[in-house]
Amino acid sequence: MMVVMKKDHSPQELQAVLDHLEGGGLSGHMIIGVERKVIGVVGQIYPELSDELRALPGVDETVPISRPYKLASRELRPHDTIVKVGDVEVGGGSTVVIAGQCSVDTPDQMLATAKVVKESGGHILRGGAFKPRSSPHAFRGLVEEGLRILAEAGAAYGLPTVSEVMDPRDVEVVAEHVDLLQIGTRNAQNYFLLDEVGNCNKPVLLKRGMACSVEEWLLCAEYVLARGNPNVILCERGIRTFETGTRFTLDVAAIPLAKRLSHLPVVADPSHGTGRWYLVEPMAMASVAAGADGVMIEVHPNPDKALSDGAQSLTFANFRRLMERVRAVSETVQRPFACV
Ligand code: PEP
Ligand code: MN
């Protein structure tokens, strides 16, 4: 439910509404719009609540939210949310490129990758340190050392950083080193982890679970928002289908659908979404043409020797080409590259 405050309400009246909600075991999330202040109410809403709230001074009206996800819904917040990652703004009409290695392998490689990402016009540097691998025998990341290497490479080239966190117990350490916390597809419905990043003051990149419907994905985002962290970026990264020619099926239609249903920014990950380096560039262009607020791309100095996801990682030359072509699509659909 939304509580729309009158234009001339007083701070005391607003506080009385929030207190009333708290008294009923509910939480109120403030949305400060251009015209009005709106409170998003979440929790177990009881039948008399609407009448009780409308009787309070300063309240203009109450409006039900029909979607199961409330805070993530465009019904609550009609305007695009812009999430700041360092100085980079994600959402609101420009294109952001997040790029880097699947995993942080060595310091020299990470620095070389950061240089190319920066020089090609990329905005955010990625590098996995806690790696969720399908096989327990595969390389599982350099953990904290990997985070340090990533942070140094980002700092050397003025790029904010993103890395995955897999365990609620690691949220603090990952948040210490990076600017954006990534929740991977395998943990998209790990609700304790979502609670934990929701308690954190760093923005969150939430991958779509590979078996999640768009509605379930938005409900995952709702967990983070409900804890009071409003800075969620959705990431379409491909879903499981019967197709075997690609690793996953990048659901391009989910990009405009999620943007229609939610005010949160939506980026696409054509690297994991296809699993094949030669499909990454066309699907990155398709994603931007479909309205994505950005793309996430895996690039490596030597994909054949990458410790993870070499088959979908671009060489530097291919990454530079992708950047040119994505930029051209972006301009064609009137989405300028984000500036920093
Ligand atoms: C990743 O980005 O490195 C990753 C493991 O992604 P996903 O969770 O989408 O598989
Ligand atoms: Mn990867």
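**Chatting through a predicted model**

User: Which side chain does the side chain of Gln312 make a polar contact with?
Analyst: With the side chain of Glu298, at 2.8 Å. Keep in mind that this is a predicted model.

User: OK, and where does Gln312 lie?
Analyst: In the loop between E14 and H11.

User: Buried or exposed?
Analyst: Gln312 is buried, because its relative accessible area is 2%, and the cut-off for buried is under 20%.

User: What else is Gln312 in contact with?
Analyst: Leaving out neighbours within four places in sequence, the list is Arg247, Ser271, His272, Gly275, Arg276, Trp277, Val280 and Glu298. Two of those names, His272 and Glu298, come back at the metal.

User: Switching to ligand 1. Which residues surround it?
Analyst: Ligand 1 has Arg126, Lys131, Pro132, Glu164, Gln182, Gly184, Thr185, Arg186, Lys207, Arg237, His272 and Glu298 around it.

User: How far are the polar side-chain atoms of Lys131 and His272 from its oxygens?
Analyst: For Lys131, a polar side-chain atom is 2.8 Å from an oxygen of ligand 1. Lys207 has a side-chain N or O atom at 2.8 Å from a ligand 1 oxygen. For His272 the distance is 3.5 Å.

User: How much of ligand 1 does the protein cover?
Analyst: The protein covers 97% of the 290 Å² of accessible area that ligand 1 has on its own.

User: Zooming out, what domains is the chain divided into?
Analyst: Domain 1 spans 2-63 and domain 2 spans 83-332. Their C-alpha centres lie 36 Å apart.

User: And where is Thr81 found?
Analyst: Thr81 is in the loop between strand E4 (59-63) and strand E5 (83-85). Thr81 counts as buried because its relative accessibility is 9%.

User: What does Thr81 touch?
Analyst: Val90, Gly91, Gly92, Pro230, His263, Leu264 and Pro265, not counting residues up to four places away in sequence. The Thr81 side chain also makes a polar contact with the side chain of His263, at 2.7 Å. Ser262 is 181 residues from Thr81 in sequence, yet their C-alpha atoms are 9.1 Å apart.

User: How about Ala211, buried or exposed?
Analyst: Exposed, because Ala211 has a relative accessible area of 69%, and the cut-off for exposed is over 50%. Ala211 is found in the loop between strand E11 (204-207) and helix H7 (214-226). Its C-alpha is 24 Å from that of Val171, 40 residues away along the chain.

User: Last one: where is Asp195, and what is it in contact with?
Analyst: Asp195 is in helix H6 (residues 191-198). Setting aside neighbours within four places in sequence, Asp195 is in contact with Tyr223 and Arg227. Asp195 counts as buried, at 16% relative accessibility.

Terms used
Residues are numbered from 1 along each chain as its sequence is written. Chains are lettered from A and ligands numbered from 1 in the order in which they are written. This is a predicted model: local features need pLDDT of at least 70, side-chain atom pairs count only at pLDDT 80 or more; totals for chains, interfaces and linings use all residues. Side-chain values use heavy atoms; hydrogens and water are left out. Domain bounds come from an automatic or database domain assignment. Donors are N, O and S atoms within 2.8 Å of the metal (3.2 Å for Na, K and Ca); water is not among the atoms, so sites may look incomplete. Helices (H or I, at least four residues) and strands (E, at least two) are DSSP runs, numbered from the N terminus. Buried means under 20% relative accessible area, exposed over 50%, partly exposed in between (1.4 Å probe, protein chains only). Contact means heavy atoms within 4.5 Å. A polar contact is a pair of N or O atoms within 3.5 Å; within protein, one must be able to donate a hydrogen and the other to accept it, and residues adjacent in sequence count only if both atoms are side-chain atoms. A residue is near a molecule or strand if one of its heavy atoms lies within 4 Å of it. Accessible areas come from the Shrake-Rupley method with a 1.4 Å probe; for residues, only the protein chains shown count as cover.
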